Structures are given as structure tokens and as C-alpha cells.
Amino acid sequence: MNVVNVISSWPASRWPWAFLALSAFAFESIALYFQYGLGLEPCIMCVYQRVAVLGLFLACLPALVRPDLALMRLTSFIGWIVSAFWGLSIAYEHVQMQNPDNFMLLMSCDIYPNFPNWLQLHQWLPGIFEPRGTCGDIDWMFLSLSMPQWMVIIFGGYSLAALFALAARVVKKKSI
């Protein structure tokens, strides 16, 4: 059995969606450890990336409930792709803000999140979604990469995995 055949059957099972949800939960937990354990306050871009990771977690829920229904899988795939690519875009922009040559881009770092009026996460859960840091600060590095650079890799992985899983499913099964 080849890899495409195996991967094309995954979306109709619960465990891959549970794994995706668990990975998103792990990244949210790591973010909170960085904030409360290491004292690294999130900036506005960090908060938006947290929302994208939350979107990845929430995207899994329909397929976790009924992975056998195409509508539930489609809903989860759409949420996964939107969250992953939005997170990738935000993380990439955050990396650009940390470049000392992009001073004007750094000046565009807002103080307050631009959430819709009906979703004021920074007021509902300020301990998680209230930005207190500065976008240009590089307070943590691992293997010579900053946190936003790692998030580009992470969201890039989520994006590629979503596209590959969806493409494998459509090509082999001719359905979502």
C-alpha cells in the first residue's frame, strides 16, 4: 500500500483529527508556558498567531464528531486550511517586523487587537489574548531561529499537510 492510499483514508478516521487537535492544544499550551513560565509577553502578532492555532483546534471538532460525513470533513478541511495559511501569513509578517531594516513595518504593530465586535477575545480572556509585548523584540531563540521564524515553519507544516491530505483524498477517493 503506498503513502497516498494510506493518507487518503485518514480524513475519514477520527485519530488524525484528534492528533491535529492535540498538536494545536500543545502549541497553545507551549505559548502559555512561554508567557507565564518564562515571562515572555505576547505582542499583537503573537496573539493573532494564537488565534490561528485556536482556529486549527476548532477546525478539528466537526470531523472529530462525524469523520464519516463529507460535510463535516469539508468544514474541518476549510477551517484547517484557512487557519494554517492565515497563521503562516501572520508569522511571516512578524518575521519581517523583526528585521531591523523594516522599521516602518515595525511601526505598524498595533497596541490593541483588531478583533470583530462580536469576538473581543482580548477582553474575554485577557490572560491569553491581550497583547503586552512589542513585535520587534526577539526575546527567545532556539537553533538560531526566533519564535516567529519557528511559527513560519510550524504553520508552513500545517499548510502543506492540509494541502497534501486534501489532494490525496480528492485524487484517490474522488471526494472530500
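**Helix α4.** I looked up α4 in this predicted model and noted 28 residues, with 40 Å from the first C-alpha to the last. This is close to the 40 Å expected at 1.5 Å a residue, the expected span being 1.5 Å times one less than the number of residues. Helices here are DSSP runs (H or I, at least four residues), numbered from the N terminus.

**Conventions.** I noted that residues are numbered from 1 along each chain as its sequence is written, and that side-chain values use heavy atoms, with hydrogens and water left out. Local features need pLDDT of at least 70, side-chain atom pairs count only at pLDDT 80 or more, and totals for chains, interfaces and linings use all residues.

**Buried side of the list.**

**Largest core.** I searched for nonpolar cores, meaning sets of buried Ala, Val, Leu, Ile, Met, Phe, Trp, Tyr and Cys residues joined through side-chain atoms within 4.5 Å. The largest has 19 residues, and W80 and M151 are among those with the most contacts inside it. Helices α2, α3, α4 and α8 each supply at least two of its residues, and α8 gives the most, with six.

**M151.** Leaving aside residues up to four places away in sequence, I found that M151 touches Q49, V53, A91 and G156; contact means heavy atoms within 4.5 Å.

**Second core.** I also recorded a separate core of 13 residues, including M97 and L121.

**L74.** I located L74 in helix α4. L74 counts as partly exposed because its relative accessibility is 34%, between the limits of 20% and 50%.

Notes
Buried < 20%, exposed > 50% of the residue type's maximum accessible area, 1.4 Å probe, protein only.
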